[in-house]
Amino acid sequence: MATLFRPFSPPPAAKASQFNFSDSSSSPFSFPKTHHPSSRKSFSKIQSSKFGNFLDLKPESKPEFFDFDLPKFDPSSRSRLDVIIIGTGPAGLRLAEQVSSYGIKVCCVDPSPLSMWPNNYGVWVDEFESLNLENCLDKTWPMACVHVDDNKTKYLDRPYGRVSRKKLKTLLLERCLSNGVQFHRAKVWKIQHQEFESSILCDDGNDLKASLVVDASGFASSFIEYEKPRNHGYQIAHGILAEVEEHPFDLDKMLLMDWRNSHLGNEPYLRTSNSKFPTFLYAMPFDSNLVFLEETSLVSRPVLSYIEVKKRMVARLRHLGIRVKRIIEDEKCLIPMGGPLPRIPQSVMAIGGASGVVHPSTGYMVARTMALAPILAEAIAECLGSTRMIRGQPLYHKAWNGLWPIERRCVREFYSFGMETLLKLDLDGSRRFFDAFFDLDPYYWHGFLSSRLSLRELALLSLSLFGRASFPSRFDIVTKCPLPLVKLMGNLALEAA
């Protein structure tokens, strides 16, 4: 839902809000194995349609850079740093401004710290209001809607907003500068550790030393260690910010999910594959001619083919009568979801995509990262902001357990159980699930999507969801969830041990 956005960066073939799973300005990523469920024949047919021409349009946006005079760290000075943060995406800058507010010496390392973030980000308005960041939204809608099928639509009385990347990054940079954060333009190649300090080796030949290194460079980072195989599910989407001749969307509602498949009536190959591995449309209408459109696979393992996602989007826009005049931005989004947490603790701290904070069932991350950074900063400040300077293993333990206390780890296991359940649902099962999910008391579905529920509340949500579900949906739960449920209980037992 991405832009449940989408926090995270990859091959040059796709433009950025592109795959960015990076929380930094750039990050390499090898594309995972994909489903290729349909034939070339259907794609040729769609491309020839007059409504399929948008695939041939090139995005008009150019790389943007911020006009800030960033204070540069001088490696030749050999002055000691307290914290080095790798990456200047939302996670890195948010943590930098929070940690530095305690008087701790912070340096952010990124090859392009002034470049515009590539992703679009969408959030529930109340999430940013609780963080006093509502002024960083450039557009809000008073409600959202979900098309379950051709005959049923859910209207969600919860305002939704699009994050202004320019406003948010400007705010975080200004706060970093006022707190004395320094910057070093380079790519980190290697991290080495001694008992009480760590050093990074950069591609410009410089090495920097600090008491703590935090990796905020995104999921593709090679600096974070795992004890278990990284068996992620993947959310993949293709999105465009486009000027169109017209569109059918209400301007006072954002479209969270459109599960309808009537657009595939004349595309048997696509219809069959979509019934097994469904995608939905996500849309943010800005005015009668400007709209952000994104075809999204909520979660799949292995990841659904990007070409398949684009085929379905072409068919859907043609069916809706949406004719694209020009593409302002395009976006290839790939979000790893679920999977194991990093090894806790370890010598490199992490936040953002590298730390496992992506919501395993939805792909949301940016609001959650904004909320967790102050918690992690406080844990770091308790060690490095004190006169006794707690460093080494006690610092790593304090930081990692500040971000991932036992309760939060158990809650994440429950969300991962939700992801494993969604992986087993076809189109009809997904429709039944979300039909019941958005009938829940708003407290529960709001809390689930925003990662606010306790383990007890998640158990109550599950009971309520089962009670409200249709008989076929209950059958899905009973027949398809035992294995994920056993896995959940086993992981909860391990976390509590």
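## Arginine 260 and aspartate 258

Arginine 260 is partly exposed at 22% relative accessibility; the classes are buried for under 20% relative accessible area, exposed for over 50%, and partly exposed in between, with a 1.4 Å probe and protein chains only. Aspartate 258, at 1% relative accessibility, counts as buried. The two residues form a salt bridge, with the closest N and O atoms 2.9 Å apart. A salt bridge here is a side-chain nitrogen of Lys or Arg within 4 Å of a carboxyl oxygen of Asp or Glu.

## Basis of the model

This is a predicted model, in which local features need pLDDT of at least 70 and side-chain atom pairs count only at pLDDT 80 or more, while totals for chains, interfaces and linings use all residues. Residues are numbered from 1 along each chain as its sequence is written, and side-chain values use heavy atoms, with hydrogens and water left out.

## Other salt bridges

The count comes to 25 salt bridges. One of them joins arginine 318 to glutamate 267, with the closest N and O atoms 3.2 Å apart. This pair links distant parts of the chain, 51 residues apart: arginine 318 is in helix H6, and glutamate 267 is in the loop between E14 and helix H5 (268-276). Helices (H or I, at least four residues) and strands (E, at least two) are DSSP runs, numbered from the N terminus. Arginine 318 is partly exposed, with a relative accessible area of 21%, whereas glutamate 267 is buried at 3%.

Glutamate 308 and arginine 312 also meet in a salt bridge (3.0 Å, N to O). They are four residues apart in helix H6, so about one helical turn separates them. Both glutamate 308 and arginine 312 are buried. A network of salt bridges links Glu60, Glu243, Lys325 and Arg326.

## Arginine 316 in helix H6

Helix H6 (residues 306-320) also holds arginine 316, which is buried at 3% relative accessibility. Its contacts (heavy atoms within 4.5 Å), leaving aside neighbours within four places in sequence, are Asp258, Arg260, His263, Thr279, Phe280, Leu281 and Glu295. A polar atom of the arginine 316 side chain lies 3.4 Å from the backbone oxygen of aspartate 258. The C-alpha atoms of arginine 316 and histidine 263 are separated by 5.2 Å, although the residues are 53 apart along the chain.

## The seven-stranded sheet

Seven strands form an open sheet with mixed pairing, in the order E7-E6-E14-E15-E16-E13-E18. Two strands pair if DSSP finds at least two bridges between them. Strand E7 (152-156) and strand E18 (324-337) stand at the edges with a single partner strand each, so one side of each has no neighbour in the sheet. From one strand to the next, the twist averages 20°.

Strand E13 (residues 233-244) pairs with strand E16 (residues 290-300) in the antiparallel sense over nine bridges. Histidine 238 stands opposite glutamate 295 in E16. Helix H10 (residues 427-437) packs on the sheet and touches strand E6 (143-149), E7, strand E14 (253-258) and E16. The direction of H10 makes about 140° with that of E6; axes are lines fitted to C-alpha atoms, for helices over the stretch in contact, and angles run from 0 to 180 degrees between N-to-C directions.

In helix H8 (residues 393-403), the buried residues include Leu395, Tyr396, Ala399 and Trp400. Seen down the axis of H8, its buried residues fall within an arc of 160°, so they line one face of the helix; the arc is that of the directions from the helix axis to the C-beta atoms. Among the elements covering them are helix H7 (366-384) and helix H9 (406-423).

Serine 416 is in helix H9 and is buried, with a relative accessible area of 10%. Leaving aside neighbours within four places in sequence, serine 416 is in contact with Gly338 and Pro360.

Terms used: A polar contact is a pair of N or O atoms within 3.5 Å; within protein, one must be able to donate a hydrogen and the other to accept it, and residues adjacent in sequence count only if both atoms are side-chain atoms.
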